[in-house]
Amino acid sequence: MNPNIYLHEFRIRLKSVLVWSLSVTGLIVFFFSLFTVFVDQAELMQELLKRYPPELLEAFGMTKMDMSSVLGFYSLVFLFVQLCLAIQASNYGFGLVSIEESELTADFLLSKPVSRVQVLTSKLLAALTSLSVTNLVVWVSTFVAITLFSGGHEYDPALLVQLLLGIVIFQLSFLSIGLIISLLVKRVRSVTPYAMGLGFGAYVLNAFGGLLGDVPLELLTPFKHLDAAIMVQNGGYDLPLVLLNVTISVLCLAAAYILYIRRDIHAVS
Amino acid sequence: MSIIEVSKLTKYYGKARGIVDVSFNVEEGEIFGFIGPNGAGKSTTIRLLLSLIHPTSGSAKIFGQDVTTNGPQIRRSIGYLPSEVYYYEGMKVLDLLKYSASFFEGDHTKRIRELSETMELDLNRRISDLSYGNKKKVGIVQGLLHSPKLLFLDEPTSGLDPLMQRKFFNLIREENARGVTVFFSSHILGEVQRLCTRVGIIRDGGIADISDIRTLQQNNYKKVRITADDLKPEAFGMPGVTNVVSESNTLSFFFKGDINTVLAKIGTVRLSDITIEEPTLEEIFMHYYE
């Protein structure tokens, strides 16, 4: 690890981290403030939901959710938080080395006395730190929102902590998948479309994967591996799926190191 | 001692040629010119030496160490000025230079001030607000601030006005006087001629010639120009004479070979004027590309 690169990388993402953190805070607090309304009108809500086509409910994971419990309702909020976190993490993953290459600052960095391993490790750790800041903000705003708006309804704090602990590996998986894709394609011209594509793609794959028939495509997406609604239903992690998620991340990272060490940094063409 | 030893270095980008079987040495303390037109492989060679790209075959050593395995150690004592300068747009010049300096041991603040004063670089501006020439100055300061032992300059003068070019050349000469070895890549031969002791000429991805800049000029063509009445161009149709141009009373040509033979021939004519010149590197250079 090189502390200079780490600090530099952390600094350039500071604004982005701030924006994402504020967004998820807003999302959590605003969304969860509706909880009491939901509970009061739970029966009415169930009636209403029955009239929606089951496919639509499935798509938003609502068939698995008990919206009248604190964690049931929170798992719906959490799904949208996950979507934000996925896009943020993919964004950092895709941009980790590709931005330097497309903005041609890679020459500057890699002609310094640092090895590629040092560069990639410092960048990864900086991105993980940035993501962890957002992660921390999610924790805080979740507890604040639940304390403020749960209206005295009981919930299992241990299960909530489990849910929140999953964020780290969720972020790591999108970071590493983004990174490996950016190293496999020849040149990433703009990071945002890729990140949106990966984030929404993974979400949609989980949401509609069940409707596509028997092919278990959804096993590929972190949204499935750390599906909050299912976790609330089952009272904990689906361990094999979590392991699958971690394995995918580790493989992507290992491959990323191999590819990055051998990568040719091209000049302006 | 050889600072750079390149042996049969080859790089293909897929099927496209980068460089093929390039071998040369750069000795300690010299300014080695590396000339060739765009696309000949100058930048490819430098990027290989900095291990920004990896060789297809062959090897290269700097300070006696292999560039592919000992890159980070080697780069501690290297300064690099790329042909196109791109830096983190949002940063201030001073912050960028500090970031650059942070990779090297020691305190380089004083050197940063000195260099930017010489190059008239405003340290408080944002990189994104700089003109191309000013970015180039950032590149120069950035490449020199850690007092490297070996400098790679890849077409360093583009974008600099003549005054700055001169300051830059003085700076390089000063560095060289302190024992710094310089690898100077360029397609502008005049500047190579002004600065370098030896040149390597690269063409279509291969080394066409490596020679002392003096021998290159001496062993090569002489430019002869004579003025006289009744000049017959056919009279100089002898071996070694090329590029004969006749203009009213003036005849000019290139000559290569024993100078006495051509002098004897000229002696037979009653001249009103004569000049015999060294060819410029430009003219020598064209010969490699004919």
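User: Where is the place of S248(B) in chain B?

Analyst: In this predicted model, S248(B) sits in the loop between β12 (241-247) and β13 (250-255) of chain B. Helices (H or I, at least four residues) and strands (E, at least two) are DSSP runs, numbered from the N terminus. A word on the ground rules: the model is predicted, so local features need pLDDT of at least 70 and side-chain atom pairs count only at pLDDT 80 or more, while totals for chains, interfaces and linings use all residues. Residues are numbered from 1 along each chain as its sequence is written, chains are lettered from A and ligands numbered from 1 in the order in which they are written, and side-chain values use heavy atoms, with hydrogens and water left out.

User: Why does S248(B) count as exposed?

Analyst: Exposed means over 50% relative accessible area, buried means under 20%, and partly exposed lies in between (1.4 Å probe, protein chains only). S248(B) has 72% relative accessibility, so it counts as exposed. Its phi is positive, about 35°, although S248(B) is not a glycine.

User: And what makes S51(B) buried?

Analyst: Its relative accessibility is 10%, so S51(B) counts as buried. S51(B) lies in the loop between α1 (42-49) and β4 (57-62) of chain B. Phi of S51(B) is near 45°, a positive value in a residue other than glycine.

User: How do you know that S100(B) is buried, and what does S100(B) touch?

Analyst: S100(B) is buried because its relative accessible area is 0%. This serine belongs to helix α3 (residues 93-101) of chain B. Leaving out residues up to four places away in sequence, S100(B) touches F108(A), K112(A), Q142(B) and L145(B). Contact here means heavy atoms within 4.5 Å.

User: Why is V119(A) called buried?

Analyst: V119(A) has 0% relative accessibility, so it counts as buried. V119(A) is in helix α8 of chain A. Not counting residues up to four places away in sequence, V119(A) touches I5(A), L109(A), L110(A), V114(A) and Y260(A).

User: Why are α6(A) and α8(A) called roughly antiparallel?

Analyst: Helix α6 (residues 70-102) and helix α8 (residues 116-149) of chain A pack at an angle of about 160°, with their axes 11 Å apart. That angle makes α6(A) roughly antiparallel to α8(A), because angles over 145 degrees count as roughly antiparallel, under 35 as roughly parallel, 65 to 115 as roughly perpendicular and the rest as oblique. Axes are lines fitted to C-alpha atoms, for helices over the stretch in contact, and angles run from 0 to 180 degrees between N-to-C directions.

User: Which residues of α6(A) and α8(A) meet?

Analyst: Among them are Y74(A), L85(A) and Y92(A) in α6(A), which meet residues of α8(A) including L124(A), L131(A) and V138(A).

User: What makes a set of residues a nonpolar core, and which residues have the most contacts inside the largest one?

Analyst: A nonpolar core is a set of buried Ala, Val, Leu, Ile, Met, Phe, Trp, Tyr and Cys residues joined through side-chain atoms within 4.5 Å. The largest has 147 residues, and those with the most contacts inside it are Y74(A), I4(B), I62(B) and F152(B). Its largest share, 19 residues, comes from α6(A).
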